[in-house]
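Good morning, and thank you for coming.

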Amino acid sequence: MDTRVDRDRAALKYLPAMPHQARFKRPRLTSILLWLAPLIFLLLFYFYPLGSILGMSFARAQGSILAPFIEALSSASIRGVLWFTFWQALLSTLLTLAIGLPGAYLLARYEFRGKSIIKALTGIAFVLPTLVVAAAFNALLGPQGLVNSALMSTFGLQQPPIHFTNTLTAILIAHMFYNTTIVLRLVGDFWSRLDPRLGQAAAVLGANKWSTLRRITLPLLLPAIASAALLVFIFTFTSFGVILVLGGPQFATLETEIYYQTVSLFNLPLAAVLALIQLVCTLALTIIYTRLVSGLSRPLSLRPTHITQRKISTWRGRFLAGIVILVLMGLIVAPLFALGFRSISNFERTESSTARQGYGAPVWRGFTLENYRQLNINRRGSLFYASPATTIAVSLGYAGATVVLAILLGLPAAWVLSRRRSSFLNRSLDPLLMLPLGTSAVTLGLGFIVALDKPPLDLRASPLLVPLAHTLVAFPFVVRSLTPALRSISPRLREAAAVMGANPRTVFRHVDLPLVARALLVAAAFAFTISLGEFGATALIARPEYPTIPLAIYRLITRPGMQNYGQALALSTILMLVAGLGMLAIERFRIADIGEF
Amino acid sequence: MKKKILLLLASLALVLSACATGHQTLKVMTHDSFAMSEELKTAFEEQHDVTLEIIASGDTGSALNKAILSKGNPIADVFYGVDNAFLSRALGEGIFEVYDSPLLAEILDDFELDPQKRALPVDFGDVCLNYDRLYFSEQGIQPPLNLADLLNPEYRSLLVVTNPATSSPGLAFLLATIGHFGEDGYLVYWQGLKENDLLVVNDWETAYYSEFSRSGGSRPIVLSYASSPAFEVIYADAPMDEPPTGVVSGDGACFRQVEFVGILEGTRQRDLAEKWVDFMLSTSFQEDIPLQMFVFPVNQNAQLDSAFTQHLAIPDRPAFVSPEDIALNRERWIQEWTETVLR
């Protein structure tokens with residue numbers, strides 16, 4: 001190793017080490033009190049229902065309680081499912097990072113026009129129900145989709161050259177499509193506040209770009225990257241809709257197997273074992289993550305973005321940026337546009353088209369707003385008809401409640417976690433926070449039915465259950481978005497405030513809060529989009545008179561008739577618009593920003 | 001947020017006003033495909049001085065699971081939507097009370113699959129293969145008439161069906177082949193379909209809206225319902241005289257799904273629950289069923305809308321497998337099917 005590297009290492013050493021907790025004493029009681037709300041929430045709406053359904057399921061086991069375990073482990077097909085679940089999640093995570101990190105760098109370090117649009121567009125993917133995403137990819141890559149049609153007519157092919165549905169590629173691409181925004185937001189946000197002077201200092205000391213990245217930037221980013229990777233992994237590990245709809249019958253994950261065992265076969269004991277396996281995997285992973293990250297975080301002075309970001313000046317830079325944007329657009333934005341395009345298109349099938357294309361592919365006949373007009377008509381006087389305006393209002397209502405609830409619960413949890421990392425309480429509670437994400441939605445949904453059945457908590461048929469369920473999913477995201485930012489706040493700022501006589505609350509209000517405002521917005525955006533797009537839990541508990549947008553889409557797309565399909569596409573486009581506008585609005589908060597100091 | 005609060009306040013006001021006037025509430029638990037017209041709901045509520053609360057609980061299997069797990073302390077008074085593929089599970093778990101409705105007299109005996117009258121039939125739908133008329137007229141070949149035809153070379157690479165493990169019509173079609181070819185013959189048939197390049201997807205939406213040639217896919221024969229052609233006319237983009245799709249309705253080519261309603265064990269509203277069950281079986285509700293739920297009435301006196309009488313072919317002789325056989329063998333059949341078709 002040359003001396004340059006040692007100098008890099010030296011540069012890193014000059015960063016202050018993690019503060020010893022003794023340096024800044026606060027009574028333990030505060031931690032306990034701050035934990036109280038999130039813990040009560042989790043106990044009541046997560047652990048209690050989950051424990052009830054698992055207990056009830058095992059009670060139904062025939063013979064000993066070990067029987068379902070033996071059944072699960074001795075089945076070759078279930079071992080196969082476990083193995084596939086694991087490696088597809090790993091592969092999906094690596095691919096998502098490969099796409100997301102360059103994008104995060106670009107969004108974090110450079111200033112260019114249309115940046116917030118790109119951010120919002122990539123975030124839209126996150127809210128779309130799987131059936132809609134399948135329709136979007138089909139409009140693009142299906143047998144008669146835009147790409148295949150173009151290739152067939154260009155090269156005079158008889159059969160569509162690209163085969164997309166029911167392949168592993170479809171699963172991986174859809175996972176990247178959904179989850180890249182997690183990397184962009186979590187890593188990109190953190191990166192954008194990283195002091196560029198650290199890199200510059202390394203450069204002055206003689207480090208080249210590559211070794212600066214490897215020895216300075218990456219180590220500093222690692223906590224955020226690990227957070228994002230963990231979330232992506234857990235999301236893809238518990239993947240359900242993508243596997244079912246895009247992967248097809250050849251593929252099964254633990255979650256699809258749990259659904260099959262529960263709903264089709266009513267083999268609750270076996271489903272419970274699978275749900276437990278899924279939980280233990282999530283827990284193990286989160287514990288490894290917590291251990292890894294606790295050694296990595298360093299307090300930094302985060303900088304406002306107008307200092308860290310610059311314009312792209314060189315042609316080479318523009319070229320590389322162009323490639324990154326192109327890849328993101330192709331992966332995420334193209335299917336969205338294909339969907340929007342189809343929703344305002346008029347297609348016709350004629351005899352001549354059959355002769356040309358072989359299968360009578362519908363021919364494009366111009367634009368129309370008919371699908372949107374039809375959405376507003378209750379043709380059959382149906383009781384459960386809901387206009388787009390109603391569904392938007394219902395969706396926004398649930399999303400608003402979820403944002404408020406998830407932040408109220410997530411902020412105190414993230415705050416204690418970032419303060420007293422070595423305390424026993426924190427070390428044991430931290431990994432538990434991620435569990436709801438790794439829990440089978442099918443199992444937990446039944447848990448609500450079994451557990452929350454007595455007044456005052458008879459919530460089995462209550463619409464309140466919807467934002468509660470959404471918050472369970474959003475809560476880990478909020479905590480994971482906030483902790484890296486909270487942890488990296490230099491303790492000196494806090495100490496300075498304390499020395500000047502500020503009490504802990506004032507310190508939080510005037511030091512921590514402004515510094516994490518940006519991360520709070522990221523957290524809010526996650527909570528908002530999670531709630532807006534959530535389908536599974538909502539379908540189990542929402543009131544049919546007040547469907548959310550995804551629920552209304554589902555109703556339309558499960559019926560025959562091109563008009564129903566057209567309306568489903570139109571409503572999906574409306575969902576994209578609502579999500580996009582919502583995220584732009586959240587970005588907008590920055591103008592009145594307490595965060596840009 | 002504000003809207004949400006308003007919504008909550010509105011529903012709270014509703015509940016309070018209901019209590020104040022001594023109103024009763026009848027809760028009906030269903031799957032998420034349940035629909036009815038607003039008019040009928042109001043009529044029932046006014047006639048019996050009751051507020052009707054519909055609780056949608058996910059797909060058929062999920063809704064039934066919820067009803068089973070809340071047995072003894074039921075979420076609702078009535079459960080609607082268990083079909084013959086799930087009937088044995090519902091009856092075996094004992095979630096229903098016996099109710100011998102006088103309206104059963106108007107219903108064909110064929111539909112009454114529970115002789116003890118715990119689950120009463122409400123509607124039926126036939127799962128059948130549909131074909132794309134345009135494709136077959138263009139290519140100048142005859143569409144298939146029955147299941148055996150599909151093994152012929154001219155239908156190679158034309159069929160898309162759904163997975164019986166994940167899709168309710170998929171299971172129904174597997175049952176049709178079992179009913180038609182018998183336990184000894186069905187796997188041989190599926191082996192033949194596989195050799196004729198059958199395509200299997202997991203859900204009806206992918207089959208119908210992605211792979212079916214009518215929607216831009218490359219397969220002109222798709223698994224759907226006998227009613228789908230009529231709905232293609234009713235919900236067409238542009239008005240049409242003739243349905244764009246046809247049904248393969250030969251002997252034993254379809255499987256009949258019957259949906260049932262039952263009074264949930266432990267209800268405190270037994271009288272009202274009976275009234276609701278009678279209402280569901282009465283002609284006014286039965287005639288509302290097709291256009292709301294895309295299935296058909298079991299009451300012989302119910303009249304069908306002209307759109308259906310013109311375009312609907314209800315198969316005369318669907319394949320039959322009893323609910324007990326389905327419950328006993330479902331797992332094995334699906335497993336054997338998986339081994340044969342997917343491996």
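I shall speak about the domains of chain A, then about the interface between the chains, and then about selected residues. Please keep in mind throughout that this is a predicted model.

Let us begin within chain A. The domain assignment divides chain A into domain 1, covering 42-74 + 374-597, and domain 2, covering 75-150 + 162-336. Their C-alpha centres are 19 Å apart. To the contact, domain 1 of chain A contributes 65 residues and domain 2 of chain A contributes 61 residues.

How much area do domain 1 and domain 2 of chain A bury between them? The figure is about 5500 Å², with 72% of it on carbon and sulfur atoms. As for specific pairs, there are zero salt bridges between domain 1 and domain 2 of chain A, while eight residue pairs are in polar contact. On the side of domain 1 of chain A that touches domain 2, the elements giving two or more residues include α2 (28-59), α20 (441-451), α23 (504-533) and α26 (562-588) of chain A. By class, that side of domain 1 has 41 nonpolar, 14 polar and 10 charged residues.

I turn now to the interface between the chains. The size of an interface is often given as the accessible area lost when the parts come together. For chain B and chain A, the buried area is about 6600 Å², and carbon and sulfur atoms give 57% of it. The contact draws 73 residues from chain B and 72 residues from chain A.

Which residues form the salt bridge between the chains? The rule finds one salt bridge across the interface of chain B and chain A. R60(A) is paired there with E93(B), and their closest N and O atoms are 2.4 Å apart. On the side of chain B that touches chain A, helix α7 (residues 204-211) of chain B gives the most, namely seven residues. By class, this side of chain B comprises 31 nonpolar, 22 polar and 20 charged residues.

G447(A) is found in helix α20 of chain A. Is G447(A) buried or exposed? G447(A) counts as buried because its relative accessibility is 0%, and the cut-off for buried is under 20%. Leaving aside residues up to four places away in sequence, G447(A) touches P49(A), I53(A) and L452(A). G447(A) and F47(A) are 400 residues apart in sequence, yet 9.4 Å apart in space from C-alpha to C-alpha.

Finally, two residues of chain B deserve mention for their backbone angles. S157(B) is not a glycine, yet its phi is positive, near 60 degrees. S157(B) sits in the loop between α5 (133-139) and β6 (159-162) of chain B, and is partly exposed, at 23% relative accessible area. D197(B), also not a glycine, has a positive phi of about 60 degrees. D197(B) belongs to the loop between α6 (168-195) and β7 (199-201) of chain B. At 29% relative accessibility, D197(B) counts as partly exposed.

Thank you for your attention.

How values were computed. Residues numbered from 1 in each chain as written. Chains lettered and ligands numbered in written order. Predicted model: local features only at pLDDT ≥ 70, side-chain atom pairs only at ≥ 80, totals over all residues. Heavy atoms only, no water. Domains from an automatic or database assignment. Contact = heavy atoms within 4.5 Å. Buried area = accessible area lost by both parts, 1.4 Å probe. Salt bridge = Lys/Arg side-chain N within 4 Å of Asp/Glu carboxyl O. Polar contact = N/O pair within 3.5 Å; in protein donor to acceptor, adjacent residues only side chain to side chain. Helix = DSSP H or I, 4+ residues; strand = E, 2+ residues; numbered from the N terminus. Nonpolar A, V, L, I, M, F, W, Y, C, P; charged D, E, K, R; others polar. Buried < 20%, exposed > 50% of the residue type's maximum accessible area, 1.4 Å probe, protein only.
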